[in-house]
Amino acid sequence: MGVQKLAVACSLLALCLATTGATTNPGFVVRITQAGLDYAHQQAIKFLEQELGQLKLQDISGDFRVLRVGRVHYEISRLYLRSFQLPHSSISLVPSVGLQVSISNAFAELDGHWRVKIYFIRDHGSFELKVENVYIKISLQLGSDALGKPTVDTSACSAHVSRVRVHFSGKLGWLYNLFHGAVESRFRKLLEKQVCESVAKSVRGKLQPYLQTLPVTAKIDARTGIDYSLVASPTATAQSLDVDLKGEFFSLAHRSAVPFSPLPLALPPDHSHMVYFGASSYFFSTAAFAYHASGALVFDITDAVIPKGVEFHLNTTTFSAFIPQLEKMYPNTPMKFRLSAPSAPFLSIGPQGLSLQPVVDVQAYAILPSSSPAPLFLLSLTGNVSAVIDVRSGHLVGSLNVGRIKFTLKQTNVGTFQVRQLQSLVNTIASSILLPRLNERLDQGFPLPLPDRIQLSKILVRFHQNFLLLGADVRYQPRGRR
């Protein structure tokens, strides 16, 4: 009995260790290259300049003693920052840590008022202050919250002011020299402190909320949505920032577990574009699974939906040319085809493109005068389907092409007949009715995981084994601009 308990305990321990060490493969990967980070950094620096230019500097006052002069009291007030310029800056990847922003040779100009008192001597006036050779280093830590949304925070910040020059207006030059050094030192410490406070505030108040606009769940239509939640914190390497997403479609009515798992997804070392998207075969197959689970892969075809250019009517008179007994059993009776997939098709991706081999059941009915359907026969259709993929307006769009269709008779309620004689009619229904419906939906597209006001250009589309690679440059569109 003791041996059995020990074996069970060891098995549970092994299971826990295995579970702890397990990682979730992403169904979708976003890679931001150094070029993409540089562009994002340019936009962020413009904003940071504006934020630093709005710094509200505290008033300064103090006392100090001067040999043979005595106690000197000074006050610096009504500080107005005219500008804060960041002419040189860069962003770099810190592998396994995050991002680092380095700013050098920054400078600022401000005005203010001063007041000084030495015994019975009082004076006041204005001054101009120039801050030069400011160096700022900011470390950003990236992560994800409980909802799978990306997070960012300032893990470290340092600011160093190398030079402060103050010019006081007034006539008592010897008086200004008494507190000139003290003012410069106080300004240097104050500015260094408030710069980092402003950076941390901007990251928390502006950058973090903007990252949260990344849609971790996106509703596609009335039936399905996409889960783009992060499955791990973003990973910084020496060359890029990689973000692993779940990349899974789901039914809005009832989300059920996907009966298959994503394969490992490793993007090729391409860096010519700002951003890359890797959409795995899992991503596309969950789309088929979600639409199948939601009942969207069921189509009813009646005579009313036959295009005007197709010269036949969906009734027993038309089909009696192939199934003579139909006209005797249901003379000149309207018909209906119900197309449905018995199971969700699995999509495969290779260097040649995206393809699938769906199985479609076609149930034929005669519509009786009472409007009730009478089953006639059931066909099973198979065929090779390929897809053309593109990106438009931040959406993944596509269209399907159908090869030769093969079909067999699964069940008949009207006796035997030559199934192959229906080949031309089945091809017409598939190419003229079913395929346009599917392509109309695919042309609406599925949203890519993009934060607000990001536009894509210079799109690259390449197929690899088990995943689709999309490359693009990005452009940020500020509010109010087109």
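Predicted model: local features only at pLDDT ≥ 70, side-chain atom pairs only at ≥ 80, totals over all residues.
A hairpin is formed by β18 and β19, with five residues between them, and S371 in the turn has a positive phi of about 75 degrees.

Strand β20 (residues 395-412) is joined to β19 by 15 bridges, again in antiparallel orientation, and F407 in β20 stands opposite L381. The hairpin of β19 and β20 has two residues between the strands, and S393 adopts a positive phi near 55 degrees.

An open sheet comprises six strands in the order β10-β11-β1-β13-β23-β22, with antiparallel pairing. Its edges are β10 (235-236) and β22 (454-464), each of which pairs on one side only. Two bridges link β10 to strand β11 (residues 240-245), and the two run antiparallel; T235 is positioned opposite D242 in β11. Helix α2 (residues 34-52) packs on this sheet through contacts with β1 (28-33), β11 and β23 (467-476), its direction making about 70 degrees with that of β1. Helix α4 (residues 281-293) likewise packs on the sheet, where it touches β1, β13 (275-280) and β23. The direction of α4 makes about 55 degrees with that of β13.

Methods: Residues numbered from 1 in each chain as written. Heavy atoms only, no water. Pairing = 2+ DSSP bridges. Helix = DSSP H or I, 4+ residues; strand = E, 2+ residues; numbered from the N terminus. Contact = heavy atoms within 4.5 Å. Axes fitted to C-alpha atoms, helices over the stretch in contact; angles between N-to-C directions.
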